[in-house]
Amino acid sequence: MAKRRLPQPLEPEEMRAVLAVPNRKAPTGLRNRTLIALMAESGLRVSEVVNLRMRDLPKKRDRLRIIDGKGGDRYVPLTEAGIARLAAWLSVRDQIVPDSEFVFPQVRSTAYRDPLHKAEPKSR
């Protein structure tokens with residue numbers, strides 16, 4: 001059986017290029033940039049970030065509570081930059097999807113807000 005290689009971290013210039021892709025002027029761009037930066041800074045997995053709920057954020061917003069992550073339940077501290085990015089996203093998030101329990105919710109779909117809503121087929 002072949003040995004599995006550890007994933008290689010991105011070089012700083014590669015990370016800057018990835019973070020430059022989302023349009024920070026659009027709510028989804030700010031969400032995506034914040035999500036990517038938190039993953040890179042904190043070593044979070046995609047599943048851990050997309051499953052973050054508002055109840056997983058303490059009042060000080062200085063760490064994240066990860067529930068049922070690959071390493072079990074744990075707290076992950078945030079950097080000062082991470083705290084600032086998260087605060088900026090949360091202020092926008094509260095305006096566009098205030099009722100969502102997720103930190104990084106889907107923004108565009110009405111089906112997200114109402115799970116019983118049946119999406120209309122797209123007309124061609």
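Predicted model: local features only at pLDDT ≥ 70, side-chain atom pairs only at ≥ 80, totals over all residues.

Mentor: Start with burial. Buried means under 20% relative accessible area, exposed means over 50%, and partly exposed is in between (1.4 Å probe, protein chains only). Residues are numbered from 1 along each chain as its sequence is written, and side-chain values use heavy atoms, with hydrogens and water left out.

Trainee: Why is Asp 56 called buried?

Mentor: Its relative accessibility is 6%. The cut-off is under 20%, so Asp 56 counts as buried. Asp 56 sits in the loop between helix 3 and strand 1. Helices (H or I, at least four residues) and strands (E, at least two) are DSSP runs, numbered from the N terminus.

Trainee: What does Asp 56 touch?

Mentor: Contact means heavy atoms within 4.5 Å. Not counting residues up to four places away in sequence, Asp 56 touches Asn 51, Arg 63, Leu 64, Arg 65 and Ile 67. Phe 102 is 46 residues from Asp 56 along the chain, and their C-alpha atoms are separated by 9.3 Å.

Trainee: How do you know that Leu 44 is buried?

Mentor: By the number again. Leu 44 has 6% relative accessibility, under 20%, so the label is buried. Leu 44 lies in the loop between helix 2 (27-42) and helix 3. Leaving out residues up to four places away, Leu 44 touches Leu 38, Met 39, Val 49, Leu 64, Ile 66, Arg 74 and Val 76. Between Leu 44 and Ile 66, 22 residues apart along the chain, the C-alpha separation is 8.9 Å.

Trainee: What makes Lys 70 count as exposed?

Mentor: Its relative accessibility is 71%. That is over 50%, so Lys 70 is exposed. Lys 70 belongs to the loop between strand 1 and strand 2 (72-77). Beyond its neighbours within four places in sequence, Lys 70 is in contact with Arg 45 and Glu 48. Lys 70 and Arg 45 are 25 residues apart along the chain, with C-alpha atoms 8.5 Å apart.

Trainee: Why is Ala 20 called exposed?

Mentor: Ala 20 has a relative accessible area of 60%, over the 50% cut-off, so it is exposed. The residue is in helix 1. Arg 33 is 13 residues from Ala 20 in sequence and 8.1 Å away in space, C-alpha to C-alpha.

Trainee: Why does Arg 61 count as partly exposed?

Mentor: Arg 61 stands at 28%. Under 20% would be buried and over 50% exposed; 28% is in between, so Arg 61 is partly exposed. Arg 61 is in the loop between helix 3 and strand 1. Its phi is positive, about 60°, although Arg 61 is not a glycine.

Trainee: What share of the chain counts as buried?

Mentor: Of the 124 residues, 30%. The chain has five helices and two strands, in the order α-α-α-β-β-α-α from the N terminus.

Trainee: What makes a pocket a pocket?

Mentor: A 1 Å grid is laid over the protein atoms alone; a pocket is an open set of points where a 1.4 Å probe fits, with protein on both sides within 12 Å along at least five of seven lines. Lining residues have an atom within 4 Å of a point. The largest pocket is lined by Pro 7, Gln 8, Pro 9, Leu 10, Met 15, Met 39 and Ala 40.

Trainee: How does that lining divide by class?

Mentor: Ala, Val, Leu, Ile, Met, Phe, Trp, Tyr, Cys and Pro count as nonpolar, Asp, Glu, Lys and Arg as charged, and the others, Gly among them, as polar. The lining of the largest pocket has six nonpolar residues, one polar and no charged.

Trainee: Which residues lie nearest the centre of the second largest pocket?

Mentor: Glu 48, Asn 51, Arg 53, Ile 67 and Asp 68, from a lining of 12 residues. Helix 3 (46-50) and strand 1 (63-69) are the elements giving two or more residues to that lining. Strand 1 gives the most, with five. By class, the lining of the second largest pocket has three nonpolar, three polar and six charged residues.

Trainee: Where is confidence lowest, and where highest?

Mentor: Lowest in helix 5 (residues 110-113), at a mean of 46, and highest in helix 1 (residues 12-20), at 94. The chain averages a pLDDT of 84, and 85% of the residues score at least 70.

How values were computed. pLDDT = per-residue confidence, 0-100.
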